[in-house]
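Hello,

Here is the structure for you to look through. Please open it first, then read my notes below.

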Amino acid sequence: MYILAPSVLAADFNILGKQIKETEKAGAEYLHIDVMDGIFVPSISFGMPMISSIRAASSQFFDVHLMITQPQRYIREFVRCGADGITFHLEAVEDAGQVIREIHRAGAKAGISIKPGTALEEIYPYLPEVELALVMSVEPGFGGQPFMPEAYGRIAQLRSYIDQHHLPVKIEVDGGLGKKNVREVLGAGADICVAGSAVFKKRSISDNISHFMAAFQEYEKKNMKSDGKDR
């Protein structure tokens, strides 16, 4: 089963609650929340007060992506504010295993991510411990960037490793996704698609999401024909 995670970084904050409800009604099961500190990445976004304020507006899975230094300092606070899953960057920590354990102890699902220039092999030792691996298809820190074509190969490589080792890890892809490339991303092996501008800009949110849902249904049918069950 494929999942859409609209990124609130691209939303209209004047009507944020309304737009979040629109994404949920249209079928988006996750809500992707980018937390940036201006140190690990150049931009500064939002933090715990914003997550707390929107938690009551949605029953979606809050997929919190920490693009911050020393994320272990705030894990429990983010979970208390409403995070269901927390993804951190390998490059931002000294002991990734410790961070994963702290996320689980706090009661959330753990995800690990790396920047496009970091070798995928660096996260392999941690995959048995996490529920999610995030492939960045742009340089983290800014919304609206174009998709990096080399990400297709990285998604496929990660998919192959996860399948070969029979790991129950979902692959999430973040950056530059839209109706023009979502099928290629799914074909490479993604399970969760993060989309910001492609959900919140131009057409209505429901129309934008319908394009993703059509692609998801198409690939779910392909999987059922090929192996008799969803991935």
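**What I found**

The chain has eight helices and eight strands. Both are DSSP runs, numbered from the N terminus: helices are H or I with at least four residues, strands are E with at least two. This is a predicted model: local features need pLDDT of at least 70, side-chain atom pairs count only at pLDDT 80 or more, and totals for chains, interfaces and linings use all residues. Residues are numbered from 1 along each chain as its sequence is written, and side-chain values use heavy atoms, with hydrogens and water left out.

Start with overall form. A compact globule of 231 residues would have a radius of gyration near 17 Å; the chain has 16 Å, which agrees. That radius is taken over C-alpha atoms, and the globule rule is 2.2 Å times the number of residues to the power 0.38. The C-alpha atoms fill a box of roughly 45 × 45 × 30 Å along the principal axes.

Now the inside. Of the 231 residues, 54% count as buried (under 20% relative accessible area, 1.4 Å probe, protein chains only). A nonpolar core is a set of buried Ala, Val, Leu, Ile, Met, Phe, Trp, Tyr and Cys residues joined through side-chain atoms within 4.5 Å. The largest one has 76 residues; Leu4, Ile33, Ile123, Leu127, Leu158 and Phe216 touch the most other members. Helix α8 (residues 205–227) gives this core its largest share, seven residues. A second, separate core of 10 residues includes Ile3, Tyr30, Leu134 and Met136.

Best wishes

Definitions and conventions: Buried means under 20% relative accessible area, exposed over 50%, partly exposed in between (1.4 Å probe, protein chains only).
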